[in-house]
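Welcome! Take a moment to look over the sequence and the 3D view, and then read on for a short tour.

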Amino acid sequence: MTEAERVRVVLERSGGFAGRTIRRGLDTEDLPAVEADRLRALVAALPATSGPVGATAPDRFTYAVEVDVSGRRGLHHFAEPVPAEARDLVQLLSRAPLLPASR
Amino acid sequence: MHLEPRSIATTRQTPCALPPNILERIIRNGTEEQRDWALGTLSLDTTNRMVRLQTAQIAAALPRRRPRPVPASPSARRTIADAQSTETLPGKTVRTEGQASVSDVAVNEAYDGLGATFDFYSAVFHRDSIDDEGLALLATVHYGDHYDNAFWNGEQMVFGDGDGELFNRFTISLDVIGHELTHGVTEDEAGLAYLNQAGALNESVSDVFGSLVKQYKLGQKAGDADWLIGEGLLAPGVQGVALRSMKAPGTAFDDPVLGKDDQPANMSGYVRTTSDNGGVHTNSGIPNKAFYNAAIAFGGHAWEKAGKIWYETLRSPQLRTNASFVAFANLTVTQARTLFDADAVRAVQDAWRAVGVKI
Ligand SMILES: [Zn+2]
């Protein structure tokens, strides 16, 4: 991934007490250069995962991270506790702008 | 230890040759050797039908826990800790049992909510804390950064502050606290799997007793309660009154970001999905509505009859960890008969049939 590549990431959080799927996203094009670089680095560090996962206990979250790097797409699935390599990205995306619910 | 009484060893060739009630009596009253033999005999026939039957018989014969002296009036032992926006548990202790309220509202809500839940289980079901063995209650507040959740981690309660956009702090609703602590009770009693119908039952049981904790605290009768789960939890601007409605599943919210409440109130709307562990927070609407139906049919305080029936169902050795709605429903009918009368049986049957659960 080069410095200039456009990176878009959507965090889809499911489960929890609410049991609702909440989507939040970030796009390097909307971010200041420093934050865009940080997003690229966090995305590059994401570990590969093998398919959807269930919640580890009642009302815990599961996460799907959808990544688009200049058109190349990836999908990563995590349950709590989120692995260390993905934690900072999940944390960052948990404060990202909300996206409409997929109905 | 496996010493077989020689004289009866031949019955091993014909599984289930002894009437199950005899085996049950041996398991219950026999010597250790006899018990080992009886349990061994019961497990010879491995057809599903026999395994089902035997599991129930063994469970029925072996008490879940030995009778023990009950303290005159069990009282809660609460500790509230503050994670200070980290995800480190339990965090710094900020209030313990008997201490006066503090300036932090989340701490006081957690303290009071734990107390109300403890008092409910103690007064209504004579249950001594989550494990019925007097477990000290620990809750951590201010967990994580804008963390949108509350959960029971198997040992303690954890509350996030919410993101402020969608959710307020998770200590705000008493039924949320009752819901989460009830996950601890369910884990202790029934161990319902957190998947598909068993998972939706697990969720529903938490909603049922979470709502009853609130109704008990408010002294409400079934007809006067709001039957909402998570009232007050939705942040200002979110279009909805709560997260779930037991009275009218599918009507709690309709919001551009949160989506529309899609809980079914009938089996005809059962949602087949792989997300949320098989839609456990969605399909719980069906057993939730069944409980509401039963509570309204009984009238009065919902914990006195419907609550008692559901609680004893949860404790029933016949309730399997992978129970279906139908299996759970049938056990509630059994409990209605055991605890009450023919009218109660009819009320419970009607409650389930009205939501399309065929019993
Ligand atoms: Zn739950």
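## Where the chains meet

The contact (heavy atoms within 4.5 Å) takes 24 residues from chain A and 37 residues from chain B. Phe17(A), Arg20(A) and Asp59(A) are the residues of chain A that lose the most area to chain B, together 29% of what that side buries. Between them, the two chains bury about 2,500 Å², with 50% of it on carbon and sulfur atoms; buried area is the accessible area (1.4 Å probe) that two parts lose on being put together, summed over both.

This is a predicted model: local features need pLDDT of at least 70, side-chain atom pairs count only at pLDDT 80 or more, and totals for chains, interfaces and linings use all residues. Residues are numbered from 1 along each chain as its sequence is written, chains are lettered from A and ligands numbered from 1 in written order, and side-chain values use heavy atoms, leaving out hydrogens and water.

## Salt bridges

Four salt bridges are counted between chain A and chain B, each a side-chain nitrogen of Lys or Arg within 4 Å of a carboxyl oxygen of Asp or Glu. One of them pairs Glu165(B) with Arg24(A), whose closest N and O atoms are 3.0 Å apart.

His179(B) is buried, at 0% relative accessible area, where buried means under 20% (1.4 Å probe, protein chains only). Glu203(B) also counts as buried, at 0%.

Note on methods:
Buried means under 20% relative accessible area, exposed over 50%, partly exposed in between (1.4 Å probe, protein chains only).
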